[in-house]
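Hello,

Here is the structure I promised to pass on to you. Have a look at it first, and then read my notes below.

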Amino acid sequence: MQRDTVFDLIGVGFGPSNLSLAVRLAEEAGTSRLAHCFIERQPEFGWHRGMLLDDCRMQISFLKDLVTQRDPKSRFTFINYLFERGRLNDFVNLKSFYPTRVEFHDYLRWVADAFEERLHYGETVTSIEPVHTPGSSKEVGALRVSSRDQDGREWQRVTRALSVGIGGAAQVPEAFAALGSHNVIHSSTYLTSIDRVVGKANDASRRKRVAVIGGGQSAAEVFVDLSRRFLHVDASLVIRSGALKPADDTPFVNEIFSPAYTDVVYGQSKDGRRSLIERFRDTNYAVVDRPLIEQIYEMLYLQNVSDDVRHRLLANTGIEAAVRTADGQIELTLRDNLTGLGRAERFDALVLATGYRRDTHIALLDGLAPHLGDALAQGDVERDYRLATPEHFKPRIYLQGCCEDSHGLSDTLLSVLALRSDEIVASLAEHAARDRPASRITPQQKNGMSDGRMAIAL
Ligand SMILES: Cc1cc2nc3c(=O)[nH]c(=O)nc-3n(C[C@H](O)[C@H](O)[C@H](O)COP(=O)(O)OP(=O)(O)OC[C@H]3O[C@@H](n4cnc5c(N)ncnc54)[C@H](O)[C@@H]3O)c2cc1C
Ligand SMILES: NC(=O)c1ccc[n+]([C@@H]2O[C@H](COP(=O)([O-])OP(=O)(O)OC[C@H]3O[C@@H](n4cnc5c(N)ncnc54)[C@H](OP(=O)(O)O)[C@@H]3O)[C@@H](O)[C@H]2O)c1
């Protein structure tokens, strides 16, 4: 491997976390010179495209965009996006802090477009391996990042620091794992799969029974979309709890999403952190925006008025088993949690709105495991989001979106992005100045333009 191909930073994934980092790196002369690039598996920018439903809104103020909390004068604010799109005055007239997700997606893409030259879309990072310091059998001086593009070609790049921002992965409960994906989909791929699964909207040739599993925001949005857009679908929302519960977004509680609260959580013992997260869980998980709950209640009520009951909310309902029948339907064994009574029901399709796992970075970093001790498995992360690594391991690995246990509920959200990227870049710059002898930087890297990847002969 050539020395002049060494990056200062490679970002894995290009969602809002690493996008915010890209902005922060670009906005200061010193850090924009760090040789860096981002690798994203999607062929173009996309923010939860599988759930980009037309009328769904942000769950966070637009003022918590990628930069405003750090630098309201940045050219990458949501307000400047509106201005450049010629919609600022009209947006003001909406009197809302909560744009649609479709509009916020357009904002994120507008920002991402400014970083095209540093981006490698359509490549999935497959492994991270240690690169030993020349002349040392023990010291790890850099990381080799391997990726595969959409044509199956493999690529390698070497870096001194890594920012892992790969988001969550579909959480598929054990009971559904063996059913395959023919007519069982996760909410994360809802929009891209639902037509295939239930047929085109308004295809009245055969009614379809669809069960949506889960009681969170995704489940509620999918349930409403099925009932609204697919007139041939009878939808059942199956929840374990007794009722759809509202997300607590009242102002005092909302203070837990302030950047300063990260210090409060991080300053606790492991038990203390866990207890804080549990205490405020109903701000984010298994909860639904209040207006959406009211919309669902009214929809179910109006069905009763018209005596045309097609959609149902099955509360207090646990799912004990799910099997595929001979004719391809899914039979669910349901149990009423209050009465203990069981019954079986058949559905043509399932949408699992069962949330997300946040542990896929562990498999991605598995090639480094012999050097990292327990740090990965234990979630041992410094305040600056750096994985705690032993002395002989010199590369820095920053983790974004998988530090909820140590840094609090904001970690998986947009809430602290602007300041988190600031903290990471400050840490990165401090170490980069110390680690990188100037003689090893190529002119292209100084301009931050070096690609530095090598094709592997397969
Ligand atoms: C439907 C939905 C709506 C949401 N709405 C809000 C909201 O309104 N407000 C809020 O605060 N939070 C919201 N969230 C939470 C969400 O986690 C954050 O908004 C945000 O997406 C986090 O950004 P991220 O970059 O960490 O992760 P992601 O946005 O998930 O981005 C991760 C990126 O990494 C890429 N990737 C993954 N693995 C690899 C790999 N091996 N190689 C290369 N690339 C890879 C993925 O393709 C993806 O583009 C929402 C979540 C969902 C599911
Ligand atoms: N408009 C938006 O901005 C928007 C839209 C969608 C999602 N989001 C965000 O995305 C994140 C994830 O939300 P989410 O709704 O996808 O997931 P979630 O909040 O984690 O909810 C998952 C749901 O699945 C249920 N569940 C899990 N395993 C189950 C099983 N085996 N059987 C039955 N039910 C099971 C859980 O039930 P229990 O309650 O019983 O545990 C829970 O209700 C949140 O941050 C949310 O705010 C935002």
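Asp-307 sits in the loop between helix H11 (290–306) and strand S13 (312–314); helices (H or I, at least four residues) and strands (E, at least two) are DSSP runs, numbered from the N terminus. Phi of Asp-307 is positive, near 60 degrees, in a residue other than glycine. Most residues other than glycine have a negative phi. His-48 is another non-glycine residue with a positive phi, about 45 degrees, and the place of His-48 is in the loop between S3 and helix H3 (78–85).

Before you go further, some ground rules: this is a predicted model, in which local features need pLDDT of at least 70 and side-chain atom pairs count only at pLDDT 80 or more, while totals for chains, interfaces and linings use all residues. Residues are numbered from 1 along each chain as its sequence is written, chains are lettered from A and ligands numbered from 1 in the order in which they are written, and side-chain values use heavy atoms, with hydrogens and water left out.

Now the domains. The assignment, which is automatic or from a database, gives domain 1 (3–168 + 358–455) and domain 2 (170–247 + 285–352). Their centres, taken over C-alpha atoms, are 35 Å apart. In domain 1, 13 residues are in contact (heavy atoms within 4.5 Å) with 14 residues of domain 2. The two domains bury about 970 Å² between them, 51% of it on carbon and sulfur atoms; buried area is the accessible area (1.4 Å probe) that two parts lose on being put together, summed over both. On the domain 1 side, Gly-50, Met-51 and Leu-53 lose the most area to domain 2, together 49% of what that side buries.

For the polar contacts with the ligands (pairs of N or O atoms within 3.5 Å), start with Gln-59, where an N or O atom of the side chain is 2.6 Å from an oxygen atom of ligand 2. A nitrogen atom of ligand 2 is 2.7 Å from an N or O atom in the side chain of Glu-221. The protein covers 79% of the 920 Å² of accessible area that ligand 2 has on its own, by the Shrake-Rupley method with a 1.4 Å probe.

Gln-59 also faces ligand 1: a backbone N or O atom of Gln-59 lies 2.8 Å from an oxygen atom of ligand 1. From Val-125, a polar backbone atom is 2.9 Å from a nitrogen atom of ligand 1. The protein covers 91% of the 990 Å² of accessible area that ligand 1 has on its own. The shell around ligand 1 has 27 residues, with Ser-17, Glu-40, Gln-59, Thr-412 and Leu-414 the closest. S5 gives the most to this shell, with 3 residues.

Best wishes

Technical notes:
Polar contact = N/O pair within 3.5 Å; in protein donor to acceptor, adjacent residues only side chain to side chain. Near = heavy atom within 4 Å.
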